[in-house]
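Here is a short briefing on one protein model.

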Amino acid sequence: MTSPEQTLAQQLGEFAATVARDGVPEDVARSVVQRVVDVLGLCVAAHVLPTSKAAIGYAVDAGGAERATAVGVGRRLPAPAAAFVNGVLAHSLDYDDTHLPSVLHPSANVVPAALAAAEDAGASGEDVVRAIAVGLEVAVRLGMAGYDEKLGNSVFFEHGQHATSICGAMGAAVAAAMVQGLDADGVVHSLGLAASRASGILEANRTGGTVKRLHCGWAAEAGVAAAQLVKRGFTGPPSVLEGRFGFFEAWLHGSRIDYDAVSVGLGTEWAVPGIFFKPYPANHFTHAAVDAGIELRERGVRPDDIVRLELGVPAAAQRTIGQPIEVKRAPYTGYQAQFSGPYALVAGLLGGGGLGVALSDYTDALAQDPQRRALMAKVDVVADPECDEIFPHQFPAKVVAELTDGRTEHVAILANRGGPQRPLSDEELAVKFRENASGELAGPVVNDIEVRLRDLRSMTSLDELMSLFVPTSAPRA
C-alpha cells in the first residue's frame with residue numbers, strides 16, 4: 001500500500017484512497033458506527049449548555065449556504081460551521097472517547113467533520129463509515145508519533161498542547177476529503193492545509209475557563225474547510241508532517257518522533273476498535289476513581305463509615321485531578337467537578353444514574369452539596385507507583401478507605417471500563433445514548449434514530465437521519 005519513497009502524508013493519502021475503494025474490516029466498521037451513535041448522543045445532551053448556545057449563536061449569526069446539520073439548530077449551516085458546532089457539542093461534556101496511550105479524544109473531531117462534509121457532498125453511509133475509520137486512524141497515529149515510551153506520556157501533553165484538537169484537525173481533514181470525493185493527492189493537500197490550523201493548549205484544565213470546549217469544534221471546522229479549499233484548488237506541501245518546518249517539528253520540536261507509528265501497519269493494524277468509550281461524563285483520569293467508589297458502596301461502605309480516603313493515581317493524572325487539592329476538594333461548578341478526583345470517588349460512593357454516574361450527577365448544586373463537600377474533604381490524592389507503571393495504557397486508581405470501626409478497605413481499579421479489557425456492550429452504549437438524547441428529543445424520535453443508525457452503512461445519504469437531530473427548542477436564524 002505504501003512506499004518508502006513516499007512522504008508520510010503521501011502514504012496516508014494512499015491509505016485513504018485504498019480504504020475508500022475497498023472498505024474496512026467488519027470490526028472496524030462496527031466500531032465506527034458505535035462512535036457515530038456515541039457522538040450524536042453527546043451533541044444532543046450538550047445542547048443545553050450555555051457555551052453550546054453561544055457556539056450555536058455564533059455560527060447562526062454568520063449565516064451562509066444551508067448545506068449541513070448542526071445539532072440544535074433549526075436550519076442547515078455551511079458545512080464548516082455545522083462541523084464547528086457539532087465538534088463543540090461533542091467535546092463539551094468530557095464524555096467522548098479516548099485513545100490510549102496517546103491520550104487524545106479522536107471522535108469528537110472526526111465524526112462531526114465527516115458528517116458535515118458528507119451532507120454537503122451527498123455521500124452515502126458507507127462512504128462516511130470508511131472516512132471516519134481512516135480519519136480516526138490518522139488522528140491516533142499522529143498522536144502516537146508524539147508518545148514517548150521512556151517518558152511514559154504524550155509529548156504534546158507534557159508541552160501543554162491539546163493533542164486531541166491538534167491531531168484531530170488532521171484526522172478531520174482526511175475524513176472530510178474522503179467524503180468530498182478527493183483522491184490520494186487531495187488527501188495530501190488537505191493534510192497540508194489543515195496543519196496550518198491545528199492548535200490547542202491545555203491551561204484551562206489547570207486554572208479554569210471553558211475554551212477547551214471549542215477545541216474540537218475548531219478542529220472539525222478546520223478539517224472540512226481544508227478539504228473544501230483543496231477541492232477549489234489550494235495545495236499543501238507533501239512533506240507537511242516530517243518536513244523541516246512541518247507539523248511534527250512545529251509541535252514536538254526537539255523531541256524524538258516515532259515516524260513508524262504513522263505508517264507501519266497501515267490498513268492491516270487498526271487502532272479504531274481499541275479506542276476507549278467513556279462510561280462516565282468526566283475527565284477520563286477520574287473514571288477509575290468512580291469505579292472504586294462504586295466498589296466501596298457495593299462492599300457495604302457507607303458515607304458515615306469513612307474517616308479518611310486516599311486516592312492513588314498516576315503522577316501525571318494527579319496534576320489534573322488532584323492539584324491544587326483545595327480546589328479539587330471543593331469544586332464550585334459541575335464542570336470543575338468533572339476534573340476532580342475527590343468528587344469522582346464520592347460520586348461513585350453515593351451512586352448515580354446511567355452506567356454508574358451520569359450527567360445528572362455533575363451539576364453545580366451537587367458540586368456544592370454539603371454532604372459531598374464533607375466527604376471530599378476526607379480525600380487525599382497521591383501519586384501511586386503501581387499506577388505510574390500502568391499509565392498511560394490505562395488510567396488506574398487505587399483507594400484506601402479508613403473506616404470508623406478500625407477496618408481498612410483496599411480497592412484497585414487497574415483497567416478502565418469502556419476499553420478493550422472491560423468493553424461496553426451494545427446495550428450499555430445504547431443506555432448512554434438514550435440518556436443523552438432523551439433530554440432534548442422525544443422518545444419516539446430517539447427510537448427512530450437508534451433504528452436508523454443501526455443501518456448507517458446502507459444509507460444512500462444522511463439527510464433523513466440528520467434531520468431528526470433538531471430539538472423542538474432549536475434556535476433559527
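The points below are grouped by topic.

This is a predicted model, in which local features need pLDDT of at least 70, side-chain atom pairs count only at pLDDT 80 or more, and totals for chains, interfaces and linings use all residues. Residues are numbered from 1 along each chain as its sequence is written, and side-chain values use heavy atoms, with hydrogens and water left out.

**Cavity**

- The structure holds 1 cavity of 30 Å³ or more (a cavity is a set of points on a 1 Å grid over the protein atoms alone where a 1.4 Å probe fits but cannot get out).
- The largest cavity has about 180 Å³ of space (a volume is the space filled by probe spheres set on the points, which are joined across faces, edges and corners).
- Its lining has 19 residues, and V103, H105, F157, N205 and N283 are the closest to the centre of the largest cavity (lining residues have an atom within 4 Å of a point).
- Two or more lining residues come from each of α7 (155-158) and α8 (163-179) (helices are DSSP runs of H or I, at least four residues, strands are runs of E, at least two, and both are numbered from the N terminus).
- The lining of the largest cavity splits into 7 nonpolar, 10 polar and 2 charged residues (Ala, Val, Leu, Ile, Met, Phe, Trp, Tyr, Cys and Pro count as nonpolar, Asp, Glu, Lys and Arg as charged, and the others, Gly among them, as polar).

**Helix pair α14 and α18**

- Helix α14 (residues 287-298) packs on helix α18 (residues 341-350) at about 35 degrees, with axes 6 Å apart (axes are lines fitted to C-alpha atoms over the stretch in contact, and angles run from 0 to 180 degrees between N-to-C directions).
- From α14, A289, V290, A292, G293, I294, L296 and R297 meet G341, A344, L345, G348, L349 and L350 of α18 (contact means heavy atoms within 4.5 Å).
- The residues of this contact divide into 9 nonpolar, 3 polar and 1 charged.

**Loop residues**

- A377 sits in the loop between α20 (370-376) and β4 (379-383).
- A377 counts as partly exposed because its relative accessibility is 47% (buried means under 20% relative accessible area, exposed over 50%, partly exposed in between, with a 1.4 Å probe and protein chains only).
- G353 lies in the loop between α18 and α19 (364-367).
- With a relative accessible area of 23%, G353 is partly exposed.
- Leaving aside neighbours within four places in sequence, G353 contacts A358, D361 and E435.

Note on methods: On a 1 Å grid over the protein atoms alone, a cavity is a set of points where a 1.4 Å probe fits but cannot get out, and a pocket is an open set with protein on both sides within 12 Å along at least five of seven lines; lining residues have an atom within 4 Å of a point.
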